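Take a look at the aromatic residues in this model. Follow them through the fold, one contact at a time.

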Amino acid sequence: MDVSRRDFLKISGGTLLLGSSPATGSAQEAQAPELRIKGAKVTTTICPYCSVGCSILVYTKDGKVINVEGDPEGPINEGTLCPKGASLSQMYNNPARGMKPLYRAAGAAEWKEVEWDWAFDQIARKVKDTRDRTFKTTAKSKVKEKKKADTPDESGLFPEIEVTVEKEFTVNRCDGIAHVGSAAMDNEECYLMQKLVRSWGLVYIEHQARI
Ligand code: SF4
């Protein structure tokens with residue numbers, strides 16, 4: 001039988017299509033791999049790494065992080081993540097992750113693990129003591145003022161002149177503590193933190209974020 005080039009392509013194409021006909025119905029479902037995130041709890045959060053503050057969906061199952069992906073509803077990243085954010089689960093599932101606070105006493109060379117309650121008590125004690133020791137109700141400052149000159153000018157009048165004087169002002173501030181915020185904090189957390197540290201009288205308040 002003579003088979004033209006065109007006939008050959010028709011025959012072989014039909015054979016290929018028959019050979020690759022997809023499975024249907026339950027057979028198709030049986031072949032589909034089960035989704036890794038099936039039945040997992042989804043929690044929205046913010047990437048703690050940098051000041052971009054991408055929104056993240058964290059999937060947990062049996063108390064373990066099993067998947068992390070960008071939140072499509074996050075207005076900053078719209079579902080995308082950089083490689084660092086996409087590998088966030090490695091921070092949680094990491095045997096080297098520090099789970100307890102570390103403390104190095106003044107003058108000591110070594111850090112040692114301490115209990116959270118002990119660390120919180122220490123922080124509260126030091127904040128209170130430092131605030132009590134460094135809180136100022138008033139402070140002196142140099143300001144410019146206008147006043148009549150003590151001596152008359154050539155026309156016999158006492159001109160108005162500008163002088164620098166030191167005055168005492170009510171300040172009610174704590175100069176002994178500074179606070180640095182974190183890009184991992186959201187708007188509401190930053191608001192609460194501002195309320196807290198300003199209620200202590202802090203004026204040196206900074207933030208790491210560069211948004
Ligand atoms: S995902 Fe990347 S870009 Fe976004 S906040 Fe995290 S580190 Fe920054």
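Start with tyrosine 103. Its relative accessibility is 25%, so it counts as partly exposed. Keep in mind that this is a predicted model.

The structure holds two aromatic pairs. One joins tyrosine 103 and tryptophan 118: the ring centres are 4.8 Å apart and the planes stand at 75°, so the pair is edge-to-face. The cut-off for that label is over 60 degrees. Tyrosine 103 sits in strand β4 (residues 102–103) and tryptophan 118 in helix α5, so this contact ties together parts 15 residues apart in sequence. Tryptophan 118 has 35% relative accessibility and therefore counts as partly exposed.

Tryptophan 116 and phenylalanine 120 form an aromatic pair that is tilted. Their centres are 5.8 Å apart, with 35° between the planes. Both residues belong to helix α5 and are four residues apart, about one turn of the helix. Why does that spacing matter? An α-helix has 3.6 residues a turn, so residues three or four places apart point the same way.

Now turn to the surface. Trp116, Phe120 and Ile123 make up a nonpolar patch there, with about 350 Å² of accessible area together. Tryptophan 116 is partly exposed, at 45% relative accessible area. Isoleucine 123 also lies in helix α5, which covers residues 116–134. At 52% relative accessibility, isoleucine 123 counts as exposed, because the cut-off is over 50%.

Finish at helix α6, residues 187–199. This helix has 13 residues and reaches 18 Å from its first C-alpha to its last, close to the 18 Å expected. Glycine 201 follows α6, with a positive phi near 95°.

Methods:
Residues numbered from 1 in each chain as written. Predicted model: local features only at pLDDT ≥ 70, side-chain atom pairs only at ≥ 80, totals over all residues. Heavy atoms only, no water. Patch = residues over 30% accessible without salt bridge, like charges linked within 9 Å, V, L, I, M, F, W, Y side chains within 5 Å. Areas by Shrake-Rupley, 256 points an atom, 1.4 Å probe, with all protein chains shown as cover. Salt bridge = Lys/Arg side-chain N within 4 Å of Asp/Glu carboxyl O. Helix = DSSP H or I, 4+ residues; strand = E, 2+ residues; numbered from the N terminus. Buried < 20%, exposed > 50% of the residue type's maximum accessible area, 1.4 Å probe, protein only. Expected span 1.5 Å × (residues − 1). Phe/Tyr/Trp six-rings, centres within 6.5 Å; stacked < 30°, edge-to-face > 60°.
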